[in-house]
Amino acid sequence: MDHLDQLKVFVRVTELGSFTRAAEALGMQKGAASTAVQQLENSLGARLLQRTTRRVELTQDGRACYERARDLLADADDLAALFRQTPQRLTGRLRVDMPTGIAQYHVIPRLPEFTTPHPGLQIEISATDRRVDLIREGFDCVLRVGRVEEPSLVVRPLGHARVVTFASPAYLARHGTPHSIEELAGHSLIQYAMNFGGHPEGWEYFDGNAWRELPLTSGITVNNAAAYDAACLAGYGLIQVPLFGAGRHVVDGSLVQVLPQYEAQPMPVSLLYPHRRHLPLRVRAFMDWMAAVLKPLLIENAGG
């Protein structure tokens, strides 16, 4: 097995955290995968993986090797693509992460547009509300809604999502429909928090000069988007969500927009990917496709 193949095994073991799972993914025996990594470590003169009874983890040298290995393998894929008879045909694995609602309602329904012309492409989609570790978990790119806090990653801004206020018809029937900020007194706000126990956020609006928060009572706090929608549909109170995430409920009448003249601050929508000299063609093509899919849902100006 040459160095390039050894690197492929090492990268797969790192991403899956297991020799067994990596061997299954690569169609080889577990012993062969272990031998390949040992040979790579011997040739480099460095310990790359810390092996335990439950999983394997990168050493400091292993992390440096992993980042360079991904670049090297991506360059090798691009080089090979230059001489294929069908250079537009994308192949290989593509691992991406995005919020659950965007995956379910906007990306996956249209995904055949991207995958049908490329039958050799293998896409792994992580749909979750948590913020994944792009490097450690082996993602090629991730879609983020909200502020980006990873300075080590490349950020490709796509636009901003309008954030509006919704309530269920049943909730409005019990508490009345507010038509002004003053009429919000007595209304409840469903809280969304990735981690419980923090300071509750208020109802956000623009007062003509700055973004403000109005404290409202809250009887329920959730930590994912599906539960956030479900709590609103159940009549627990108001929510403030990106407009593109509530469209299906607006169409069927299960959610009603309130106080349309007071939207919350738009949320930035971005694609993030690791620093690389050359991104694989399949990653660049997918990000371009994602940008086109989401463009009609976003606005450019995030001002008040």
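**Close-up views of a predicted model**

View 1. When neighbours within four places in sequence are set aside, the residues in contact with Ser126 are Val96, Asp97, Met98, Val132 and Phe139.

View 2. The chain has 304 residues, of which 42% are buried, and its secondary structure amounts to 10 helices and 13 strands. Taken along the principal axes, the box filled by the C-alpha atoms is roughly 70 × 45 × 35 Å. Of the contacts between residues at least 6 apart in sequence, 75% join residues that are at least 24 apart.

**View 3. Helix α1 against helix α2.** Two packed helices are described by the angle between their axes and the distance between the axes. For α1 and helix α2 (residues 19–26), the angle is about 125 degrees and the axes are 8 Å apart. The two helices are therefore oblique to each other, and the crossing in which α1 passes α2 is right-handed. On the α1 side the contact is made by Lys8, Val9, Arg12, Val13 and Leu16, which meet Phe19, Arg21, Ala22, Ala25 and Leu26 of α2. Sorted by class, the residues of this contact are seven nonpolar and three charged, with no polar residue.

**View 4. Helix α1 against helix α3.** Helix α1 (residues 3–16) also packs with helix α3 (residues 30–44), their axes coming within 9 Å and crossing at roughly 115 degrees. That angle makes α1 roughly perpendicular to α3, and the crossing of these two helices is left-handed. In the contact, His3, Gln6, Leu7, Val9, Phe10 and Val13 of α1 meet Ala33, Ala36, Val37, Gln39, Leu40 and Ser43 of α3. The residues of the contact between α1 and α3 comprise eight nonpolar and four polar ones, and no charged residue is found among them. Val9 and Val13 take part in this contact with α3, and both are also listed on the α1 side of the contact with α2.

View 5. A pair of aromatic rings is described by the distance of the centres and the angle of the planes. The count of aromatic pairs in the model, taken with ring centres within 6.5 Å, comes to eight. In the pair shown here, the ring centres of Phe114 and Phe286 are 5.3 Å apart and the planes stand at 75 degrees, so the pair is edge-to-face. Phe114 and Phe286 are both buried, and together with Trp289 they form one aromatic cluster.

**View 6. The aromatic pair Trp203 and Tyr262.** The rings of Trp203 and Tyr262 have centres 6.3 Å apart and planes at 70 degrees, so this pair, too, is edge-to-face. Distant parts of the chain are again linked, with Trp203 in strand β8 (residues 203–206) and Tyr262 in the loop between β12 (256–258) and β13 (264–274), 59 residues apart. Trp203 is buried, with a relative accessible area of 0%, whereas Tyr262, at 23% relative accessibility, counts as partly exposed.

**View 7. Leu259 in the loop between β12 and β13.** Leu259 lies in the loop between β12 and β13, the loop that also holds Tyr262. Most residues other than glycine have a negative phi, and most peptide bonds are trans. For Leu259, phi is near 45 degrees, which is a positive value in a residue other than glycine. With a relative accessibility of 3%, Leu259 counts as buried.

**View 8. Ala193 between strands β7 and β8.** Ala193 lies in the loop between β7 (191–192) and β8. With neighbours within four places in sequence left aside, Ala193 is in contact with Thr221, Val222 and Asn223. Val154 is 39 residues from Ala193 along the chain, and the C-alpha atoms of these two residues are separated by 26 Å.

Technical notes:
Residues are numbered from 1 along each chain as its sequence is written. This is a predicted model: local features need pLDDT of at least 70, side-chain atom pairs count only at pLDDT 80 or more; totals for chains, interfaces and linings use all residues. Side-chain values use heavy atoms; hydrogens and water are left out. Rings of Phe, Tyr and Trp (its six-membered ring) pair if their centres lie within 6.5 Å; planes under 30 degrees apart count as stacked, over 60 as edge-to-face and the rest as tilted. Buried means under 20% relative accessible area, exposed over 50%, partly exposed in between (1.4 Å probe, protein chains only). Helices (H or I, at least four residues) and strands (E, at least two) are DSSP runs, numbered from the N terminus. Axes are lines fitted to C-alpha atoms, for helices over the stretch in contact, and angles run from 0 to 180 degrees between N-to-C directions. Angles under 35 degrees count as roughly parallel, over 145 as roughly antiparallel, 65 to 115 as roughly perpendicular and the rest as oblique. A crossing is left-handed if the near helix is turned anticlockwise from the far one by less than a right angle, and right-handed if clockwise. Contact means heavy atoms within 4.5 Å. Ala, Val, Leu, Ile, Met, Phe, Trp, Tyr, Cys and Pro count as nonpolar, Asp, Glu, Lys and Arg as charged, and the others, Gly among them, as polar.
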